[in-house]
Every structure is written in structure tokens, then in C-alpha cells.
Amino acid sequence: MDYPLNVKIIRVPCTGKVDVVHLLRAIQKGADGVYCVGCLEGACHYNEGNLRCRERVEHVRQMMEEIGLEAERVRMYNLSSGEGPTFAAYANEMTENVKALGPNPLKKKKNS
Amino acid sequence: MIVAKRKPFDEIKQILEPYSKVLTVGCGTCVSVCLAGGEKEAAVLNTELEMARRLDGHPIELETRTVERQCDREYLAELDDIVNDYDALISLACGVGIQFLAERYPEKPVLPGVDTTGLAVNQSVGNYEERCRSCGRCVLAMTGGICPVTMCAKGLYNGPCGGTNLGSCEINPDQPCAWHRIHERLAAQGRLDLIHEITEAVDWCDQVPRMTIQPGYEKKSEDKSE
């Protein structure tokens, strides 16, 4: 049940707390990828937070394309809080996904 | 409230192409409420622009200030001391605010970041529907609260045209016929007699900017501009 060391976890009480600017900033500051992990749809602990997050992740993916970056660097996953091995599996999946895309193109340019 | 929509990203990027240091001015009133140009939206726009320009190898320095409103001089005054630090300003206020900002700093390029789309009601989060075209001569008393200027495709003042089609407008079956709705509304209220009154059409030509001066606030002495 290991997950890659390159995944940094930022805990929030609900993925509904995650805003569009948080995801964009991660990429702006040099993250190669960013993903949200929320409750299973229909089972959000706070009712609909994970649905708000899904909408925001979709919006950010669209913005990534407009900016000229790969939408696939930003993703959302859903699982229940008891599913440890699934969490690890998603972490591995996202890492492989981002490795295939290569490093964040913004890192080659002067960082702001 | 006044509703606006942020311009497409590509358009904003193209508008800002010649500039290297830009201030994004947000507005805390209407465009904040309709989620188009408030503090949060200004931050998102700046982040998108900074990343896109950096990828293009043509970096841009972006800062942001959001004032309470851009249609009141007292709030624009907060920007006086900093405006000269920038090559250009991009305003996310409605058309009114953008112009007031441009007027205040006539030597500084002031660019629009939103398209102002009307006076609208809030149907649900992020979903707004136009209800008023600010014609300046409200006839809602006679139409049961349904605006014929806004809701009728032809803006008719005196009942439906020949194109009314089973409650829909001839232009699109999904577009309700405003006068059909007005008839139903007045009938339900027992006020159908109002529909017989002929309303004079508004003269829409020579539409110069309107001045609205509230009674009791007319300046009798020499006009003092701030």
C-alpha cells in the first residue's frame, strides 16, 4: 500500500473547500500535476462539496487548455475514506499520468 | 443587477499583448455578485495570463486591486497613487465602471476584461436572465409586471404581432410570446381592461447618454465637479 514520494498531500475538510485559484496556483508555482481526492459522488460528508470540486476541476482543465498547458495535469478522483489501497492506486496512476506528460513546461521559464 | 461575462481568454490575451506591466482592477459590486469580475475572478485571470505569457516567452507583470465600485469617484480615487506604475489597466467592472476608470486616467490605456450583458435576475448560481432594458419609461403597471421591451422580441407596446404562435414567439418555439404571457397574467388578476389602453411607442432615435438627477438634488449654484 505504498504511494509515490512525489505526491504531496494538502488536507482539506472537504474537497468543496478547494477553489479554482488553488489548483491554478499549484501549476503556476511549478507543480507538474495537481489532483483532488474527494468522497464518492452522492456520499459527500457535507452533501455536495465534492460535486462543487468536480465542477471546479473541469473548469480548471478547460483553463489549462486555454493557457497552453495539458488539461491532464489536473484531475479529480473519488473514493471513500476507508479505501486505503485505492488511494495508493490513484496516487500511482496520477504519477504515471504526469510522468508521461513530462515536467511542467513553466518550470523551464523564469519562475514567478 | 448589472450582469457581465468575462471575455474569452484568448481575446484578453490579445488585448494585453503590447503591455508588460498591467494592473487588473476588479469591482466589488455587480460583477462580484455575478461572479465575473470580483477579487477572486481577478486573481484567477492574473494567474491564467501570467502562465500563458510565460509559456509564450513574453512575460507579463500583473498585479491586482479590487475597489468597492468603479462607478463612484471616491472608490476610484484609491487608485490615483498607483496607476502610473503600470503600462495599462484592465478593468473587470461593467461597461460603466470601465469607462469611468478610463475617463479618470485618460493617458493610460484602460481595457475591458468583461462584456456587460444586461440587467438580469439570478435564476441559480452563475445563471442570469435579462429582465430590463432600462428604457426609462416603465410600463409594467399596464403589463402585469412583464416588460414588453425586454421580453418581446420586437419590443411591442400594444399587444402581440401576427407571429404569436400558441404561446410562443414566431422566431423560436422556446421563446415565449411576451404578450401571451401578459394577457394571461392580467387575466389572472382580473385586470384585462388594461390591455385595451394604447401605449405610445418610445422614440428610440438620438439616444444620447441620459442624465438622471434626483428631485431635490438639482444643483442651483455653479456645478462643482469633484
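Helix H1 (residues 20–28) of chain A and helix H2 (residues 49–67) of chain A have axes that come within 9 Å and cross at roughly 40°. That angle makes H1(A) oblique to H2(A), where angles under 35 degrees count as roughly parallel, over 145 as roughly antiparallel, 65 to 115 as roughly perpendicular and the rest as oblique. The model is predicted: local features need pLDDT of at least 70, side-chain atom pairs count only at pLDDT 80 or more, and totals for chains, interfaces and linings use all residues. Residues are numbered from 1 along each chain as its sequence is written, while chains are lettered from A and ligands numbered from 1 in the order in which they are written.

**H1(A) against H2(A)**

- The crossing of these two helices, H1(A) and H2(A), is right-handed (the near helix is turned clockwise from the far one by less than a right angle; anticlockwise is left-handed).
- From H1(A), A:Val20, A:Leu23 and A:Leu24 meet A:Arg56, A:His59, A:Val60 and A:Met63 of H2(A); contact requires C-beta atoms, placed from the backbone, within 7 Å.
- By class, this contact of H1(A) with H2(A) has five nonpolar, one polar and one charged residues (Ala, Val, Leu, Ile, Met, Phe, Trp, Tyr, Cys and Pro are nonpolar, Asp, Glu, Lys and Arg charged, and the others, Gly among them, polar).

**H1(A) against H3(B)**

- The axes of H1(A) and helix H3 (residues 39–55) of chain B come within 10 Å and cross at roughly 25°; axes are lines fitted to C-alpha atoms, for helices over the stretch in contact, with angles from 0 to 180 degrees between N-to-C directions.
- H1(A) and H3(B) are therefore roughly parallel to each other, and their crossing is left-handed.
- On the H1(A) side the contact involves A:Val20, A:Val21, A:Leu24, A:Arg25, A:Ile27 and A:Gln28, which meet B:Lys40, B:Ala43, B:Val44, B:Thr47, B:Glu48, B:Glu50 and B:Met51 in H3(B).
- The contact of H1(A) with H3(B) has seven nonpolar, two polar and four charged residues.

**Burial and the end of H1(A)**

- Buried residues in H1(A) are A:Leu23, A:Leu24, A:Ala26, A:Ile27 and A:Gln28 (buried: 20 or more other C-beta atoms within 10 Å of its own; exposed: 12 or fewer; partly exposed: in between).
- Their cover includes strand E1 (34–38), H2 and strand E2 (74–78) of chain A, together with H3 of chain B.
- A:Gly30, which follows H1(A), has a positive phi near 115°.

**Contact between the chains**

- The contact takes 14 residues from chain B and 15 residues from chain A.
- H3(B) gives the most to the side of chain B that touches chain A, with ten residues.
- That side of chain B has seven nonpolar, two polar and five charged residues.

**Chain B overall**

- Chain B has seven helices and nine strands, taken as DSSP runs (helices H or I, at least four residues; strands E, at least two) numbered from the N terminus.
- The radius of gyration of chain B is 22 Å, well over the 17 Å that the globule rule gives for 226 residues, so chain B is more spread out than a compact globule; the radius is taken over C-alpha atoms, and the rule is 2.2 Å times the number of residues to the power 0.38.
- Of the 226 residues of chain B, 30% count as buried.

**Positive phi in chain B**

- B:Ser134 has a positive phi near 45° and is exposed, with 12 other C-beta atoms within 10 Å.
- B:Leu166 has a positive phi of about 55° and counts as exposed, with 7 C-beta neighbours inside 10 Å.

Definitions and conventions: Contact = placed C-beta atoms within 7 Å.
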